[in-house]
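Dear colleague,

Please read the notes with the model open beside them.

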Amino acid sequence: MGFALSQSAAMFASIEDAQTVSDSVAAQQNTVFAAQDSVKSPVLVVEDSIKRISEVPIDTSDYFDELNDIVEMDAAKPLPEYRWTTIGVSLGGGVSWYNSTPVNNRNAVCVRGGLNFDVPIGQWFSLQPELLFATRGGGFQTSLGYNMEDNLFYFDVPINCKFSKRMNFSKTCTGRGFISVGPVLSLGVYGKTTADAVNAELPALDHRLFQNDPDEETEHAIYRSFDFSFNFRLGYDFDSEWSVAVGYQLGVVNLMNDGNYDVNEAKQYSHIYGEFPKLTNSSAYVTLGYRW
């Protein structure tokens with residue numbers, strides 16, 4: 001009987017210990033589950049961050065204003081203008097005169113016309129060679145009392161270095177203003193002088209200038225047939241293909257061919273010039289042109 005009671009007491013003690021262990025395990029499981037609930041997965045953390053960021057208001061007005069400014073600046077920036085080689089014609093006139101040692105120089109009417117080519121080199125520069133037929137001349141009084149009137153005919157080959165820039169004056173007046181400068185090579189093809197004597201005792205004279213004169217039995221021309229000068233021009237090329245320009249041509253070569261005269265020929269002309277003057281021929285002109 002006593003043994004049975006002791007066995008029962010031991011069994012009840014074992015049951016109580018098992019219940020205690022079970023309660024402890026359950027408490028530990030609850031703790032783990034609570035910790036798992038309190039710690040979220042990385043995906044959930046990222047989703048929560050995105051959600052919070054999306055809920056924050058963002059002011060994009062400055063960004064779009066800046067973007068619009070960039071677009072407007074790009075739209076306002078002028079594109080490089082395409083330029084091509086052109087061929088043109090020009091016609092004009094003006095006055096020419098001698099820069100000379102004689103006094104009482106007089107002007108003469110001059111005309112010029114011919115072909116030109118415009119070859120662009122970049123946006124602002126171009127090379128403009130020309131082939132022109134031009135008249136020049138002038139008048140002066142010699143030391144022996146002759147009033148000389150010269151008419152000279154040349155083939156001119158200007159080689160102009162041209163700077164041009166777009167200058168639109170209105171919606172209907174668009175084009176490029178230009179400045180050009182360059183040398184001019186000239187070949188005299190015909191020249192004639194008329195000399196009226198102030199003194200009635202002296203005969204009137206009529207001579208060719210660029211060729212020897214058989215009537216006077218001379219071997220050399222009075223004037224050199226080669227001339228060299230510098231050309232300066234200011235003008236405007238319209239988009240309608242027309243152009244206008246004003247120019248100045250400065251001669252630098254002495255026209256007188258005195259170095260080739262022998263003593264007899266010098267005497268032949270001594271009654272006209274006294275001493276051979278130094279003559280350079282310059283001109284000012286206005287031209288109208290059209291190009292293709």
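Is Arg233 buried or exposed? Arg233 is buried, with a relative accessible area of 9%. Please keep in mind throughout that this is a predicted model.

The partner of Arg233 is Glu130, and in this salt bridge the closest N and O atoms are 3.0 Å apart. Glu130 lies in strand 4 (residues 125-141) and Arg233 in strand 8 (residues 226-238), so the pair ties together parts that are 103 residues apart in sequence. Glu130 also counts as buried, at 6% relative accessibility.

A second salt bridge joins the side chains of Lys162 and Asp118, at 2.8 Å from N to O. This pair, too, links distant parts of the chain, with Lys162 in strand 5 (residues 146-166) and Asp118 in strand 3 (residues 108-121), 44 residues apart. Lys162 is buried at a relative accessible area of 2%, and Asp118 is buried at 8%. Both residues belong to a network of salt bridges that also takes in Asp237.

The side chains of Asp239 and Arg166 meet in a further salt bridge, at 3.1 Å from N to O. Here Asp239 sits in the loop between strand 8 and strand 9 (242-251), while Arg166 is in strand 5, 73 residues apart. Asp239 is partly exposed, with a relative accessible area of 36%, and Arg166 is likewise partly exposed, at 29%.

The count for the model comes to 7 salt bridges, among them the pairs described above.

Methods
Residues numbered from 1 in each chain as written. Predicted model: local features only at pLDDT ≥ 70, side-chain atom pairs only at ≥ 80, totals over all residues. Heavy atoms only, no water. Salt bridge = Lys/Arg side-chain N within 4 Å of Asp/Glu carboxyl O. Helix = DSSP H or I, 4+ residues; strand = E, 2+ residues; numbered from the N terminus. Buried < 20%, exposed > 50% of the residue type's maximum accessible area, 1.4 Å probe, protein only.
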